[in-house]
Amino acid sequence: MNSHSPLRLARYSALVWCVLIVYASLHPFTGWRSTGISPLAFLEGGWPRYWTAFDLVANVAVYLPLGFFLTLGLSTLRWRHTALLLATLFGMLLSASLEALQTWLPSRVPSNVDLACNGLGSLLGALLAVYLGPRVLAHLLAFEQKLLAPVAHAELGLTLLGLWLLLPLSPEILLFGAGDLRQMLGLGTAMPFAAESFVLIEASIVSFNAVAVGLLVRQLCARLAAAYLVVPLFLLLGLLIRSLAAAILISPAEALSWLTPGVRLGLPVAGLVLAIALALPATARLMLAGLALMAGSVLVNLAPPNPYSQAALAVWQQGHFLNFNGLTRVVASLWPFLTLPFLLLTTRRP
């Protein structure tokens, strides 16, 4: 292991967070048209007519991680405050560019208040990185030396696992159901809904994806004993996120709505497979993880529409989370296809 690994992790995280911000800010990427208004007219606008404290806090919070990760990633620059200034400036320029582009999106309203909040978030994140950065980097390095396996591009693997935790946030996605490309490609449903067959399909999707994620976590664990603890804890974290998201975004009564007959069948099967597969040699684990990812992606594209998911999405769309839902959907769709190349990269020497 080397001291540059935490810096690479921070840079990967900054890049991913930047892409997520761009996607969420320009979603749904349709309806582009010129309104005859200058893209910089929002700079002279007054206070927005409709706003809430939640909107202001959210605009600050979204850019705070960007400033934090960027400042950590640039912390090797010579002058102490160079990273802070560059990260804050980048956050403000990114926000200004996205606000200007929103001029051509009828569904979005550019605002100088959003720009100010985004710039404040970038600055706060950068300040946190300056004062907490050395301690954070030291803890990351200690974590890597004790727990992280010496595999190539391990930092990219950790970033992919962080992205995977976004999947349980969307109510329309089957539990752990990554790889559904039908909406992105404009494809229809392959088969009609039937309760009996849907239970088996859902159980298979849950099992394949849980096995794939568990084996990815195992690939990054330096010790087998640690993997038998970390893998179930990570999957439990995904279930906890799913429960909290359903309770907050839909209703508290829906917190455990993910615990369907298919899930109750699929999770124990995945647990049994992982109990054996975690102890397999690295090559066998990688092959099994790749097969599980591909099988789960195929099945989720063949699965009929889930009536509960559609009903939950209808409730969710009454709120202010449409753009966030689009973000979680695209991450869920692309995650297996980003993870498969990483599994191949881990076969190389670090």
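Is the crossing of helix 1 and helix 2 left-handed or right-handed? It is left-handed: a crossing has that name if the near helix is turned anticlockwise from the far one by less than a right angle, and is right-handed if clockwise.

The model is predicted: local features need pLDDT of at least 70, side-chain atom pairs count only at pLDDT 80 or more, and totals for chains, interfaces and linings use all residues. Residues are numbered from 1 along each chain as its sequence is written, and side-chain values use heavy atoms, with hydrogens and water left out.

**View 1. Helix 1, residues 5-26.** Helices are DSSP runs (H or I, at least four residues), numbered from the N terminus. Helix 1 has 22 residues. From first C-alpha to last, helix 1 reaches 32 Å, close to the 32 Å expected at 1.5 Å a residue. The expected span is 1.5 Å times one less than the number of residues. Buried residues of helix 1 include Leu 7, Ala 10, Cys 18 and Ile 21. Buried means under 20% relative accessible area (1.4 Å probe, protein chains only).

**View 2. Helix 1 against helix 2.** The two axes come within 8 Å and cross at roughly 150 degrees. That makes helix 1 roughly antiparallel to helix 2, a term for angles over 145 degrees. Axes are lines fitted to C-alpha atoms, for helices over the stretch in contact, and angles run from 0 to 180 degrees between N-to-C directions. Among the contact residues are Trp 17 of helix 1 and Phe 69 of helix 2. Contact means heavy atoms within 4.5 Å. The contact has 13 nonpolar, two polar and one charged residues.

**View 3. Helix 2 against helix 3.** Helix 3 covers residues 82-101. Its axis and that of helix 2 come within 8 Å and cross at roughly 140 degrees. The crossing is right-handed. Tyr 63 and Leu 66 of helix 2 take part in the contact, as do Phe 90 and Leu 94 of helix 3. By class, this contact has nine nonpolar, four polar and no charged residues.

**View 4. Gly 73 in helix 2.** Why does Gly 73 count as buried? Its relative accessibility is 3%. Gly 73 touches Leu 7, Ala 10 and Arg 11, not counting residues up to four places away in sequence. Gly 73 and Tyr 12 are 61 residues apart in sequence and 8.6 Å apart in space, C-alpha to C-alpha.

Methods. Helix = DSSP H or I, 4+ residues; strand = E, 2+ residues; numbered from the N terminus. Nonpolar A, V, L, I, M, F, W, Y, C, P; charged D, E, K, R; others polar. Buried < 20%, exposed > 50% of the residue type's maximum accessible area, 1.4 Å probe, protein only. Parallel < 35°, antiparallel > 145°, perpendicular 65-115°, else oblique.
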